[in-house]
Amino acid sequence: MTSETPATERRALVTGATAGIGEAFARRLAADGWQLVLVARDATRLAEVAADLTARHGHRVETLPADLSTDDGCAAVERRLTDATAPVGLLVNNAGLSLNRPFLRSTVADETRLLRLNVHAVMRLTLAALGPMTDRRNGIVINVSSVAGFGPVMPGSTYPASKAWVTSFSESVDLSVRPLGVRVMALCPGYTATGYHERNGIDMSGTPRWMWLRADDVVDGALRDLRKGKQISVPDWKYKLAVAGLRHAPRRLLRMAYRDRRGRVEPTDG
(Lines give C-alpha, C1' and ligand atoms only; values in the text may rest on other atoms or scores of the structure.)
Protein backbone atom coordinates (compact mmCIF):
# COMPACT_ATOMS: atom_id res chain seq x y z
CA MET A 1 0.00 0.00 0.00
CA THR A 2 2.55 2.57 1.09
CA SER A 3 4.92 1.83 -1.78
CA GLU A 4 2.25 2.93 -4.26
CA THR A 5 1.47 6.20 -2.49
CA PRO A 6 3.73 9.22 -3.18
CA ALA A 7 5.28 10.79 -0.09
CA THR A 8 3.41 14.04 -0.72
CA GLU A 9 0.13 12.14 -0.39
CA ARG A 10 0.92 10.03 2.68
CA ARG A 11 -1.92 11.56 4.62
CA ALA A 12 -4.82 9.49 5.91
CA LEU A 13 -8.19 10.60 7.22
CA VAL A 14 -9.82 8.19 9.67
CA THR A 15 -13.38 8.56 10.97
CA GLY A 16 -14.49 7.12 14.28
CA ALA A 17 -10.83 7.39 15.27
CA THR A 18 -11.07 7.51 19.06
CA ALA A 19 -11.87 3.84 19.77
CA GLY A 20 -11.84 0.32 18.39
CA ILE A 21 -10.94 -0.32 14.77
CA GLY A 22 -10.65 3.39 13.97
CA GLU A 23 -8.13 3.98 16.74
CA ALA A 24 -6.25 0.84 15.69
CA PHE A 25 -6.01 2.21 12.14
CA ALA A 26 -4.73 5.52 13.51
CA ARG A 27 -2.03 3.80 15.58
CA ARG A 28 -0.90 1.57 12.72
CA LEU A 29 -0.84 4.32 10.10
CA ALA A 30 1.04 6.70 12.41
CA ALA A 31 3.62 3.97 13.05
CA ASP A 32 3.94 3.50 9.28
CA GLY A 33 4.74 7.19 8.79
CA TRP A 34 1.40 8.56 7.63
CA GLN A 35 0.27 12.02 8.60
CA LEU A 36 -3.21 11.81 10.08
CA VAL A 37 -6.51 13.65 10.10
CA LEU A 38 -8.67 12.13 12.82
CA VAL A 39 -12.46 12.58 12.90
CA ALA A 40 -14.85 11.80 15.79
CA ARG A 41 -17.67 13.40 17.76
CA ASP A 42 -15.83 13.63 21.09
CA ALA A 43 -13.42 16.57 20.77
CA THR A 44 -11.77 15.89 24.12
CA ARG A 45 -11.05 12.25 23.39
CA LEU A 46 -9.95 13.19 19.87
CA ALA A 47 -7.36 15.61 21.26
CA GLU A 48 -6.10 12.92 23.68
CA VAL A 49 -5.61 10.36 20.91
CA ALA A 50 -3.88 12.93 18.68
CA ALA A 51 -1.53 14.03 21.48
CA ASP A 52 -0.58 10.42 22.24
CA LEU A 53 0.17 9.63 18.60
CA THR A 54 2.21 12.82 18.17
CA ALA A 55 4.24 12.00 21.28
CA ARG A 56 4.86 8.44 20.09
CA HIS A 57 5.68 9.10 16.44
CA GLY A 58 6.51 12.79 16.08
CA HIS A 59 3.95 13.43 13.35
CA ARG A 60 1.53 16.32 13.53
CA VAL A 61 -2.00 14.99 13.85
CA GLU A 62 -4.97 17.07 12.73
CA THR A 63 -8.24 16.70 14.55
CA LEU A 64 -11.67 17.40 13.15
CA PRO A 65 -14.58 17.02 15.59
CA ALA A 66 -17.71 16.16 13.58
CA ASP A 67 -20.95 14.24 13.97
CA LEU A 68 -21.25 12.37 10.69
CA SER A 69 -24.92 11.61 11.26
CA THR A 70 -25.56 15.30 10.48
CA ASP A 71 -25.27 17.29 7.27
CA ASP A 72 -22.98 19.85 8.93
CA GLY A 73 -20.64 17.12 10.16
CA CYS A 74 -20.40 15.49 6.74
CA ALA A 75 -19.88 18.85 5.05
CA ALA A 76 -16.95 19.71 7.34
CA VAL A 77 -15.17 16.46 6.50
CA GLU A 78 -15.98 16.81 2.80
CA ARG A 79 -14.26 20.20 2.81
CA ARG A 80 -11.15 18.64 4.34
CA LEU A 81 -11.12 15.79 1.82
CA THR A 82 -11.23 18.21 -1.10
CA ASP A 83 -8.55 20.57 0.27
CA ALA A 84 -5.92 20.52 -2.46
CA THR A 85 -3.27 22.17 -0.25
CA ALA A 86 -2.99 19.04 1.94
CA PRO A 87 -4.36 16.11 -0.08
CA VAL A 88 -5.66 12.97 1.57
CA GLY A 89 -4.29 9.78 0.03
CA LEU A 90 -6.18 7.32 2.22
CA LEU A 91 -9.70 7.58 3.63
CA VAL A 92 -10.86 5.10 6.27
CA ASN A 93 -14.64 5.32 6.72
CA ASN A 94 -14.91 3.61 10.09
CA ALA A 95 -17.59 5.52 12.02
CA GLY A 96 -20.73 3.44 12.43
CA LEU A 97 -23.70 2.67 14.65
CA SER A 98 -25.78 -0.31 15.76
CA LEU A 99 -29.02 -0.09 17.76
CA ASN A 100 -29.66 -2.23 20.81
CA ARG A 101 -33.31 -2.81 19.99
CA PRO A 102 -35.47 -4.63 17.41
CA PHE A 103 -36.96 -2.74 14.50
CA LEU A 104 -40.49 -3.03 15.93
CA ARG A 105 -39.32 -1.30 19.11
CA SER A 106 -37.30 1.36 17.31
CA THR A 107 -38.13 4.89 16.17
CA VAL A 108 -37.88 6.65 12.84
CA ALA A 109 -35.39 9.09 14.38
CA ASP A 110 -33.04 6.34 15.58
CA GLU A 111 -33.26 4.32 12.36
CA THR A 112 -32.63 7.45 10.32
CA ARG A 113 -29.55 8.25 12.40
CA LEU A 114 -28.23 4.72 11.79
CA LEU A 115 -28.72 5.06 8.04
CA ARG A 116 -27.21 8.54 7.95
CA LEU A 117 -24.06 7.36 9.70
CA ASN A 118 -23.65 3.86 8.25
CA VAL A 119 -24.78 4.61 4.70
CA HIS A 120 -25.24 8.30 3.92
CA ALA A 121 -21.94 9.48 5.47
CA VAL A 122 -19.99 6.66 3.79
CA MET A 123 -21.46 7.63 0.42
CA ARG A 124 -20.76 11.35 0.88
CA LEU A 125 -17.21 11.03 2.13
CA THR A 126 -16.28 8.41 -0.45
CA LEU A 127 -17.58 10.64 -3.23
CA ALA A 128 -15.74 13.67 -1.84
CA ALA A 129 -12.46 11.74 -1.60
CA LEU A 130 -12.65 10.09 -5.01
CA GLY A 131 -12.76 13.33 -6.99
CA PRO A 132 -9.23 14.48 -6.02
CA MET A 133 -7.93 10.92 -5.93
CA THR A 134 -9.01 10.14 -9.49
CA ASP A 135 -7.62 13.48 -10.66
CA ARG A 136 -4.24 12.50 -9.17
CA ARG A 137 -4.62 8.89 -10.38
CA ASN A 138 -3.79 7.69 -6.88
CA GLY A 139 -5.63 7.03 -3.63
CA ILE A 140 -7.32 4.48 -1.39
CA VAL A 141 -10.69 4.29 0.37
CA ILE A 142 -11.34 1.63 3.01
CA ASN A 143 -14.98 1.38 4.06
CA VAL A 144 -15.44 -0.56 7.29
CA SER A 145 -18.39 -2.89 6.80
CA SER A 146 -19.13 -6.15 8.63
CA VAL A 147 -19.53 -9.89 8.22
CA ALA A 148 -23.11 -9.17 9.32
CA GLY A 149 -23.72 -7.64 5.90
CA PHE A 150 -23.63 -11.05 4.24
CA GLY A 151 -26.86 -12.21 5.90
CA PRO A 152 -29.57 -11.27 8.43
CA VAL A 153 -27.52 -12.56 11.36
CA MET A 154 -29.25 -10.25 13.86
CA PRO A 155 -32.94 -11.02 13.31
CA GLY A 156 -34.92 -7.79 13.57
CA SER A 157 -31.86 -5.53 13.43
CA THR A 158 -31.30 -3.10 10.56
CA TYR A 159 -27.52 -2.99 11.10
CA PRO A 160 -26.76 -5.91 8.74
CA ALA A 161 -28.78 -4.28 5.96
CA SER A 162 -26.78 -1.08 6.28
CA LYS A 163 -23.51 -3.01 6.12
CA ALA A 164 -24.69 -5.02 3.12
CA TRP A 165 -25.04 -1.68 1.34
CA VAL A 166 -21.50 -0.64 2.34
CA THR A 167 -19.99 -3.84 0.98
CA SER A 168 -21.89 -3.78 -2.31
CA PHE A 169 -21.26 -0.05 -2.76
CA SER A 170 -17.52 -0.42 -2.16
CA GLU A 171 -17.16 -3.33 -4.55
CA SER A 172 -19.10 -1.55 -7.28
CA VAL A 173 -17.23 1.76 -6.95
CA ASP A 174 -13.88 -0.04 -6.92
CA LEU A 175 -14.69 -1.53 -10.33
CA SER A 176 -15.24 2.01 -11.58
CA VAL A 177 -12.15 3.73 -10.19
CA ARG A 178 -9.51 1.00 -10.25
CA PRO A 179 -8.62 1.73 -13.91
CA LEU A 180 -7.88 5.30 -12.74
CA GLY A 181 -5.30 4.15 -10.18
CA VAL A 182 -7.63 4.38 -7.17
CA ARG A 183 -8.76 1.58 -4.84
CA VAL A 184 -11.93 1.11 -2.80
CA MET A 185 -12.07 -1.85 -0.42
CA ALA A 186 -14.74 -3.03 2.02
CA LEU A 187 -13.38 -4.32 5.34
CA CYS A 188 -15.76 -6.90 6.82
CA PRO A 189 -14.69 -7.99 10.30
CA GLY A 190 -16.64 -10.22 12.64
CA TYR A 191 -17.08 -9.60 16.35
CA THR A 192 -14.22 -7.32 17.39
CA ALA A 193 -13.28 -6.39 20.95
CA THR A 194 -13.61 -2.61 20.79
CA GLY A 195 -15.68 -1.78 23.88
CA TYR A 196 -18.54 -0.71 21.61
CA HIS A 197 -21.01 -3.29 22.85
CA GLU A 198 -20.35 -2.49 26.51
CA ARG A 199 -20.68 1.27 25.96
CA ASN A 200 -24.05 0.76 24.30
CA GLY A 201 -25.46 -1.75 26.77
CA ILE A 202 -25.45 -4.65 24.30
CA ASP A 203 -25.26 -7.98 26.11
CA MET A 204 -22.78 -10.18 24.27
CA SER A 205 -22.18 -12.60 27.14
CA GLY A 206 -23.47 -15.50 25.04
CA THR A 207 -20.81 -14.99 22.37
CA PRO A 208 -17.93 -17.48 22.78
CA ARG A 209 -14.53 -15.94 23.50
CA TRP A 210 -12.95 -17.61 20.46
CA MET A 211 -15.22 -15.60 18.14
CA TRP A 212 -13.78 -12.25 19.20
CA LEU A 213 -11.06 -10.53 17.17
CA ARG A 214 -8.49 -7.94 18.24
CA ALA A 215 -8.81 -4.56 16.52
CA ASP A 216 -5.08 -4.50 15.71
CA ASP A 217 -5.37 -7.90 14.01
CA VAL A 218 -8.34 -6.66 11.96
CA VAL A 219 -6.27 -3.71 10.72
CA ASP A 220 -3.30 -5.94 9.93
CA GLY A 221 -5.57 -8.22 7.91
CA ALA A 222 -7.13 -5.29 6.08
CA LEU A 223 -3.80 -3.82 5.00
CA ARG A 224 -2.55 -7.25 3.97
CA ASP A 225 -5.63 -7.81 1.81
CA LEU A 226 -5.28 -4.32 0.35
CA ARG A 227 -1.75 -5.16 -0.79
CA LYS A 228 -3.15 -8.31 -2.41
CA GLY A 229 -5.62 -6.23 -4.42
CA LYS A 230 -8.77 -7.55 -2.77
CA GLN A 231 -12.04 -5.67 -3.03
CA ILE A 232 -13.47 -7.27 0.11
CA SER A 233 -11.38 -8.07 3.18
CA VAL A 234 -12.66 -10.61 5.72
CA PRO A 235 -9.99 -10.94 8.43
CA ASP A 236 -9.50 -14.30 10.17
CA TRP A 237 -10.16 -17.77 8.84
CA LYS A 238 -13.21 -18.43 11.03
CA TYR A 239 -15.04 -15.45 9.57
CA LYS A 240 -14.01 -16.40 6.05
CA LEU A 241 -15.79 -19.70 6.72
CA ALA A 242 -18.76 -17.83 8.20
CA VAL A 243 -19.09 -15.68 5.07
CA ALA A 244 -18.98 -18.76 2.86
CA GLY A 245 -21.79 -20.23 4.94
CA LEU A 246 -23.85 -17.04 4.83
CA ARG A 247 -23.50 -16.92 1.06
CA HIS A 248 -24.19 -20.55 0.25
CA ALA A 249 -25.86 -22.43 3.13
CA PRO A 250 -29.65 -22.97 3.04
CA ARG A 251 -31.45 -20.18 4.84
CA ARG A 252 -33.32 -22.59 7.12
CA LEU A 253 -30.00 -23.86 8.50
CA LEU A 254 -28.72 -20.33 9.05
CA ARG A 255 -31.83 -19.39 11.02
CA MET A 256 -31.03 -22.18 13.48
CA ALA A 257 -27.49 -20.90 13.95
CA TYR A 258 -28.14 -17.20 14.56
CA ARG A 259 -26.71 -16.26 17.96
CA ASP A 260 -27.07 -12.48 18.08
CA ARG A 261 -30.50 -11.80 19.57
CA ARG A 262 -30.35 -8.02 19.96
CA GLY A 263 -32.98 -7.50 17.23
CA ARG A 264 -35.49 -10.11 18.34
CA VAL A 265 -38.96 -9.22 19.62
CA GLU A 266 -39.78 -11.45 22.56
CA PRO A 267 -43.43 -12.51 22.97
CA THR A 268 -45.44 -10.87 25.72
CA ASP A 269 -48.19 -12.31 27.89
CA GLY A 270 -51.74 -11.67 26.71
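**Salt bridges and their surroundings**

Author: Asp 216 and Arg 214 form a salt bridge, with 3.5 Å between the closest N and O atoms. The term stands for a side-chain nitrogen of Lys or Arg within 4 Å of a carboxyl oxygen of Asp or Glu. This is a predicted model, in which local features need pLDDT of at least 70 and side-chain atom pairs count only at pLDDT 80 or more, while totals for chains, interfaces and linings use all residues. Residues are numbered from 1 along each chain as its sequence is written, and side-chain values use heavy atoms, with hydrogens and water left out.

Asp 216 is partly exposed, at 27% relative accessible area, and Arg 214 is partly exposed as well, at 47%. Here buried means under 20% relative accessible area, exposed means over 50%, and partly exposed is what lies in between (1.4 Å probe, protein chains only). Both residues belong to a network of salt bridges that links Glu 23, Arg 27, Arg 45, Glu 48, Arg 214, Asp 216 and Asp 217.

Helix H1 (residues 20-31) packs against helix H7 (residues 215-227) at an angle of about 65°, and their axes are 8 Å apart. Helices (H or I, at least four residues) and strands (E, at least two) are DSSP runs, numbered from the N terminus. Axes are lines fitted to C-alpha atoms, for helices over the stretch in contact, and angles run from 0 to 180 degrees between N-to-C directions. On the H1 side the contact is made by Gly 20, Ile 21, Ala 24, Phe 25, Arg 27 and Arg 28, and on the H7 side the residues include Asp 216, Val 219, Leu 223 and Arg 227. Contact means heavy atoms within 4.5 Å. By class, this contact has eight nonpolar, one polar and five charged residues. Nonpolar covers Ala, Val, Leu, Ile, Met, Phe, Trp, Tyr, Cys and Pro, charged covers Asp, Glu, Lys and Arg, and the others, Gly among them, are polar.

The count for the whole structure comes to 18 salt bridges. One of them joins Glu 62 to Arg 80, with the closest N and O atoms 2.9 Å apart. Glu 62 is in strand E3 (residues 61-65) and Arg 80 in helix H3 (residues 71-81), so the pair links distant parts of the chain, 18 residues apart. Arg 80 is buried, with a relative accessible area of 11%.

Asp 71 counts as partly exposed at 41% relative accessibility, and Arg 116 is partly exposed at 23%.

Helix H4 also holds Thr 112. Thr 112 is partly exposed, with a relative accessible area of 36%. Between Thr 112 and Ser 69 there are 8.8 Å in space, C-alpha to C-alpha, although the two are 43 residues apart in sequence.
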